Amino acid sequence: MIEINENFSLKEYNTFGIDVTCKYFVKCDQESELLEFVGSYELDPEEILLLGGGSNFLFTENFDGVVFYPVMQGCEIVREDDKYVFVRVGSGVVWDDFVAWAVEHGYGGVENLSLVPGHVGATPVQNIGAYGMEVGECIDRVEAVDIVKGERVTIDAETCRFSYRDSIFKHEWKNRFLVTYVTFRLAKHPEFRLHYGSVKDEVNRLGELSLKTIRQAIIRIREAKLPDVKVLPNAGSFFKNPMVERAVADALLEKYPALPIYTVDEGHVKLAAGWLIETAGWKGKVVGHAGVHDKQALVLVNTGGATGIEIAHLANEIKKSVFLQFGVWLEPEVNVI
């Protein structure tokens, strides 16, 4: 089924709750109907926006183009071997519902990504990550519709060019390929990752080590730090952890010994953006109707009635402040439209 609406409000389709409209809103749950639709029009990627759960967007104005909202469903094992199962999942499936399914069936690879908001279709675009795990590590292939050519394509993981919170879908292929299904490679004998943050301690408090206790631990940690979007609108972590040369990090550590760092490779580390923002004095601050969450400085919030411009302005002020104090530029993880 395909639904087309004109001058459609996106307030309920972005977790910041920004009240903007798009010229056309196309909701679809069948790949065949989507192919028929895009084959009937000449669509410019510059006038297209592909929207999933809306948890990674900040709208600063109305969108004068076509918003595609794919809601393909389904979760099925398509093949397996001694080590892995390969699970094909519809792009409209709520991401955390899929994580819950995987954990319940004893399949590892996504448990540390519990409670990450959004839909499955957005995960390869953003290469979502949390607590030492990135989704690109377990993606086998991505099925999509090429909106420009009106063709169905299958893209292997290597072609997706996954990197830290990044993929080819955010650059060369931005708004061109509408993800319909993602096939994940999940481990039958998972290797647990407990080294990030307080995960190990929280798991130990819960009891026996398992996929289920890891999921429970991640959920507890996230719920303690991150606000519910239904109560306090937000888009999760607004900024990426900046990657810098190790020499830059060493110089900062001399002045700020408590600065958390995460090794990337021999010459580079990532800095904890939340720590930088908090140390710069922004945690809990409110400017107009936009604010910084009082429990996690990485999260910007709509305290009620904020415009996208207000939130974007606050983000820019934070970036300038952090740069002046630490000499490090923060990059947004959220897409600003």
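Author: Welcome! In this predicted model, Thr-213 is buried, with a relative accessible area of 8%.

Reader: Why is Thr-213 called buried?

Author: Buried means under 20% relative accessible area. Thr-213 has 8%, so the word applies. Thr-213 sits in helix H6.

Reader: Which residues does UniProt list for "active site"?

Author: The unreviewed UniProt entry lists Arg-165, Ser-237 and Glu-333. They span 169 residues in sequence, yet no two of their C-alpha atoms are more than 11.4 Å apart, so they gather at one spot.

Reader: Is Arg-165 buried or exposed, and what does it touch?

Author: Its relative accessible area is 10%, which is under 20%, so Arg-165 is buried. Arg-165 lies in the loop between helix H4 and strand E12. Among the residues it touches are Gln-126, Lys-240 and Glu-333. A polar atom of its side chain is also 3.0 Å from the backbone oxygen of Gly-129.

Reader: How do you know that the buried residues of H2 are on the same side?

Author: In helix H2, Trp-95, Asp-96, Phe-98, Val-99, Ala-102 and Val-103 are buried. They cover an arc of only 155° around the axis, which puts them on the same side of H2. Their cover includes strands E6, E7 and E12 as well as helices H3 and H6.

Reader: What makes E2 and E5 a pair of strands?

Author: Pairing needs at least two bridges, and 6 bridges join E2 to E5, so they pair; they run parallel. Cys-28 has Pro-70 in E5 as its bridge partner. Strand E3 also pairs with E5 in the parallel sense, over 3 bridges, and there Leu-49 stands opposite Val-67.

Reader: Why is E5 called mostly covered?

Author: Of its 8 residues, 7 are buried, each of them having under 20% relative accessible area.

Note on methods. Residues are numbered from 1 along each chain as its sequence is written. This is a predicted model: local features need pLDDT of at least 70, side-chain atom pairs count only at pLDDT 80 or more; totals for chains, interfaces and linings use all residues. Side-chain values use heavy atoms; hydrogens and water are left out. Buried means under 20% relative accessible area, exposed over 50%, partly exposed in between (1.4 Å probe, protein chains only). Helices (H or I, at least four residues) and strands (E, at least two) are DSSP runs, numbered from the N terminus. The arc is that of the directions from the helix axis to the C-beta atoms. Contact means heavy atoms within 4.5 Å. UniProt positions are given in the numbering used here, feature names are shortened, and annotations may be inferred rather than shown by experiment. A polar contact is a pair of N or O atoms within 3.5 Å; within protein, one must be able to donate a hydrogen and the other to accept it, and residues adjacent in sequence count only if both atoms are side-chain atoms. Lists of a residue's contacts leave out its neighbours within four places in sequence.
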